[in-house]
Amino acid sequence: MSRPLSHRQKAYLAQLAHRAFNRSAAIARGRGDTPADDWRARDAWRHDQVAKVCGKRGLRCCSQDEYKLVEAHFLALLDEPGRAFNCFVAAATERRRVAEWKLIHECQIAGYPLAYADAICRAQNRGAGLQDVDENTLWRLIYTIRNRAAAKRKQAA
């Protein structure tokens with residue numbers, strides 16, 4: 001389970017939702033409809049939109065895993081397809097990016113170059129390098145680097 005959203009993240013998403021609600025209300029007024037414009041209607045609309053995206057009841061229930069999905073949804077409602085697409089891509093690749101960051105971090109702590117991790121990866125995965133493996137394999141490689149660094153420290157002591 002990942003961490004809940006920070007106050008800053010919830011505020012940003014609420015601002016996006018507010019802008020998207022205003023846009024949809026303006027479009028409805030252009031069609032001749034009279035949309036509700038009180039704060040309860042805005043909150044209910046935002047809750048419905050968040051539920052459509054991730055199945056959670058609101059921003060308070062969302063975690064870091066859903067942040068980019070919700071942001072992308074509101075950006076799409078604001079008719080910003082480029083930014084929305086980038087957020088969807090970031091949401092889809094989040095687990096891999098975290099694993100890659102952690103691998104680089106562990107190599108720096110251990111004092112190994114990233115090429116060392118790539119060589120271990122190729123030896124363990126029939127020639128597949130760091131870019132060719134999935135995030136689960138990257139996590140196994142992170143533990144391998146940690147264990148080898150611990151063994152090196154233990155041997156030095």
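Predicted model: local features only at pLDDT ≥ 70, side-chain atom pairs only at ≥ 80, totals over all residues.
Start with helix H7, which covers residues 135-156. Helix H5, residues 94-110, is one of its partners. The axes of H5 and H7 lie 9 Å apart, and the two helices pack at an angle of about 15 degrees. Angles under 35 degrees count as roughly parallel. H5 and H7 are therefore roughly parallel to each other. Their crossing is left-handed.

Which residues of H5 and H7 make the contact? From H5 come Arg 95, Arg 96, Val 98, Ala 99, Glu 100, Lys 102, Leu 103, Glu 106, Cys 107 and Ala 110. From H7 come Glu 135, Asn 136, Leu 138, Trp 139, Leu 141, Ile 142, Ile 145, Arg 146, Ala 149 and Lys 152. Sorted by class, this contact has eleven nonpolar residues, eight charged ones and one polar one.

Now turn to helix H6, residues 114-124. The axes of H6 and H7 come within 11 Å and cross at roughly 115 degrees. The crossing of H6 and H7 is right-handed. On the H6 side, Tyr 116, Ala 117, Ile 120, Cys 121 and Gln 124 make the contact. On the H7 side, the residues are Leu 141, Thr 144, Ile 145 and Arg 148. Six residues of this contact are nonpolar, two are polar and one is charged.

Next, find the largest pocket. It holds about 150 Å³ of space. Its lining is made up of Ser 2, Arg 3, Gln 64, Asp 65, Glu 94, Arg 95, Val 98 and Trp 139. Four of these lining residues are charged, two are polar and two are nonpolar. Which helix gives the most to the lining? H5 does, with three residues. Helix H3 (64-77) also supplies at least two.

Finally, look at the backbone in two loops. Most residues other than glycine have a negative phi. Asp 79 has a positive phi of about 60 degrees, although it is not a glycine. Asp 79 sits in the loop between H3 and helix H4 (81-92). Arg 126 is not a glycine either, and its phi is positive at about 55 degrees. Arg 126 is placed in the loop between H6 and H7.

How values were computed
Residues numbered from 1 in each chain as written. Heavy atoms only, no water. 1 Å grid on protein atoms, 1.4 Å probe; cavity = no way out; pocket = protein on both sides within 12 Å on 5 of 7 lines; lining within 4 Å. Points joined across faces, edges and corners; volume = space filled by probe spheres on them. Helix = DSSP H or I, 4+ residues; strand = E, 2+ residues; numbered from the N terminus. Nonpolar A, V, L, I, M, F, W, Y, C, P; charged D, E, K, R; others polar. Axes fitted to C-alpha atoms, helices over the stretch in contact; angles between N-to-C directions. Parallel < 35°, antiparallel > 145°, perpendicular 65-115°, else oblique. Left-handed = near helix turned anticlockwise from the far one by under 90°. Contact = heavy atoms within 4.5 Å.
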